[in-house]
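Thanks for coming, everyone. Let's walk through this one together. Please have a look at the screen.

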Amino acid sequence: MSEPLLKVRDLKIGATVYPPGEKPHDIEIVHGVSFDLMPGKVLGLIGESGAGKSTIGLSSMAYGRGGVKITGGEVWVNGRDILKSKLGDIRKLRGGEVTYVSQSAAASFNPAKTIMEQVIEASVEQGKFSRRNAEARARALFAKLGLPDPDNIGSRYPHQVSGGQLQRCMTALALCPEPDLVVFDEPTTALDVTTQIDVLMAIKEAIRDTGVAALYITHDLAVVAQVSDDIMVLRNGDMVEYGSVDQIINRPQEEYTQALVSVRSIEHEEKSPTAEPVLSVRNITARYKGTKFDVLHNVNVDLYPGQTLAVVGESGSGKSTLARVITGLLPPREGEISFAGRTLTPDFKHRTREDLRELQMIYQMADVAMNPRQTVGTIIGRPLEFYFGLRGAEKKKRIIELLDEIELGEKFIDRYPAELSGGQKQRVCIARALAAKPKMIICDEVTSALDPLVADGILKLLLNLQKIENVAYLFITHDLATVRAISDNIAVMYKGKVQRYGGKTQVLSPPFDDYTDLLLSSVPEMRLGWLEEVIANRKMESAGN
Amino acid sequence: MNPIVKLVAQRVALSLLLLLMISVLIFVGTMILPGDVAQSILGQSATPEALANLRAELGLNDPPLTRYFQWLFGALQGDLGTALTSGQDITAAIGSRLSNTLFLAFWAAVVAVPLAIFLGLLAVRYKDRWPDKLISAVTLASISIPEFLIGYVLMYLIAVKLRWFPSVAMINDGMNLWQKLNSIALPVAVLTLVVLAHMMRMTRAAILNVMQSAYIETAELKGLSSFKIIWRHAFPNSVSPIVNVVMLNLAYLVVGVVVIEVVFVYPGMGQYLVDHVSKRDVPVVQACGLIFAAVYIGLNMIADIVSILSNPRLRHPK
């Protein structure tokens, strides 16, 4: 048997943390992980955020992001322990033997240089190819990765191509110097589902054709199942399980892996519409100031009390714009919105306090939606003062009730946002919205930034609260699994129009229009061979290409 | 039309408009100053008839608007009037002074700008280590000490003790370039020390800001050396704030060097202006003000245009 390309032994990684109100101290974030990667094989690293998967991936380039330091163990690449190498040798390894594809190609390309300059830079710098040969190789890779106009796309600047295309360019950048190992760090996570499968297929074919080995890092088990040979499951810096793709997907041994495989445990029965909708959006057409085209065309939807309307679509489909129109941040050009039996003023500045109170909002980024210098109690207490004039003991009693409702409890009242996890922060935002006793809450991608298991908990909480408070949700998301889990009605949006609208079962049952079909079929499924099947059966191209 | 052409044209038009407004301000400002030019020329013992004659001769009895436009059109054609005190043609007098000032500013900039940017890059490369701290300490000290003090200290050490360069920076048309440079070496050194800190610290801050970006990590993972990362990937994205500070300092080198000119007895614009302010020679003060304003506005306009050109999104629209 041949030698492994990458051999990791008892790898320990530490970092310095700066907790609020405490002295900075060192913690260990990866506790002794070992694995082998054979040449030409693909190993998937999977886990939630904080599992240490990116950190482990970058250690194969002897790199620690931010304050992260490799504190112990061995990392052997091509028979050398790179942790003992000199900086000059490590520089030859980086960009030569081992290369990296990051999550956000948009941020990882230098905006001031052409794509070609950046794709060939490492090859030329490391002396692997002459500039001419490197450019020829880059053009061949652009073609292989399915980029349009491969001969000329290199002379463009990063902002001149789409997100999906840039992610492929990043893959070309990584493959250009003929590396032995590529570290893919969540390369498709930032893309729309419909774009994701094209990029995924391009990456998979490129790996197969070049015979390069890869570490594929992701939190999405269904994605990693499509490209990997083996999978390693990580949790809190420890290896939980290691096995072939088939074994991990079909016969997971550990409880944690089983939970990852069977995530989305929610079964939600669709409710039928009641007589009076709480919100009705009628013939809304809207455009942004200073632009010449409409981003919403004649949109009509209804939301019934105590129910959930899911608005789904890719980025740019107009779903967040719809939320801005409803909240009055963007007055529409035409159409009107009625809410709780009265017509809403288009501009929020002229709305009554009652209108504002009854229509609340929860955002995608809980971090930035809270004042970091206020305690949880102050954050939740603010709407209680503002809308109901509660003070002192009365206010505190209500805050504690709300904290109990979001399953956090009284002990959180004096904490600051920085001391909370992502899921806990989102719960506090939910409590703040509920404090106003709204009739309706707009949830804008509220679970997109969260790990699957945490997101699952948030969705369960939202459904429970809906039962207790009879609040309606307008749920904006690009994630169809979430839609299945919680909605009563669904509106599929595409290029500013409602493409398909109706009850959940009706919208999600055939016959489909082409776009809904594309959207539904693009959601990764946790089985082997799914990717090839989907690509073969597609009826239309995704908009992101 | 390419949006960049439009943006640049806008900047130029705005700068011209601004300059026009400044010219009004200068004119009005010198008009409302107390005192009477005719009186100050002729002295306390002048007869009323002589005063009236001189006023008529100088055009001081015309309405202000007429005088403003006469002055403005004259200035546009390169005629800045005659100095009241000496009767000299201002354009000719300023001509040689201005070219001396620009000569000094140019050579100070040639030394200071590359040095400041290089020191800034060096400070980023060795961030929080001793070279960074040393650069910061020295440049801060040199900006904090009054420039005349630095001037005299350098004069004492280098001109008097070491006798490397002359202490008085006299130049005239008969000197060749080398003699001239030798003559202005000390004022150039002082000016460099004065403007270095500002430009160097802005370079450091602007590049450090960019060093947090994800594309710097990409460059690092390509195995590039630290200096290549800073020079190739960080610097092109921090040009705009750096250029702005560089231009402000260049403007200072032209209009703010009065003290240095006095210390080194250099025949530049600053001295000329100060002389004539004390003699209340209004046409000269107006002319100097207009030229200084034009330099300031022009350099800032260049900074704006460079910022626009350095943005790839504007240079290469979708």
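Let me start with chain B. Its domain assignment gives domain 1, made of 1-85 + 280-318, and domain 2, covering 96-278. Taken over C-alpha atoms, the centres of domain 1 of chain B and domain 2 of chain B are 29 Å apart. In their contact, 18 residues come from domain 1 of chain B and 18 residues from domain 2 of chain B. Keep in mind that this is a predicted model.

Now chain A. Here too the assignment gives two entries: domain 1 is 39-56 + 84-261, and domain 2 is 279-509. Between the C-alpha centres of domain 1 of chain A and domain 2 of chain A there are 35 Å. How many residues of each are in contact? Nine from domain 1 of chain A meet six from domain 2 of chain A.

Next, chain A as a whole. We count 20 helices and 20 strands in it.

What about the inside? Of the 545 residues in chain A, 54% are buried. Then the contacts. Take those in chain A between residues at least 6 apart in sequence: 68% of them join residues at least 24 apart.

On charge, chain A carries 65 positive and 70 negative side chains. The centres of those two sets are 5 Å apart.

Let's zoom in on one helix, α4 of chain A, residues 115-125. Is it largely enclosed or open? Eight of its eleven residues are buried, with buried meaning under 20% relative accessible area. So α4(A) is largely enclosed by the rest of the structure. The buried residues include Ile115(A), Met116(A), Val119(A) and Ile120(A). Gln118(A), Glu121(A) and Ser123(A) are buried as well.

What covers them? The cover includes α5 (131-144) and α6 (163-175) of chain A. It also includes α10 (226-234) of chain B.

One last detail. After α4(A) comes Gly127(A), with a positive phi near 75°. Thanks, I'll take questions.

Definitions and conventions. Residues are numbered from 1 along each chain as its sequence is written. Chains are lettered from A and ligands numbered from 1 in the order in which they are written. This is a predicted model: local features need pLDDT of at least 70, side-chain atom pairs count only at pLDDT 80 or more; totals for chains, interfaces and linings use all residues. Side-chain values use heavy atoms; hydrogens and water are left out. Helices (H or I, at least four residues) and strands (E, at least two) are DSSP runs, numbered from the N terminus. Buried means under 20% relative accessible area, exposed over 50%, partly exposed in between (1.4 Å probe, protein chains only). Contact means heavy atoms within 4.5 Å. Lys and Arg count as positive and Asp and Glu as negative; His and the chain ends are not counted. The place of a charge is taken as NZ of Lys, CZ of Arg, CG of Asp or CD of Glu. Domain bounds come from an automatic or database domain assignment.
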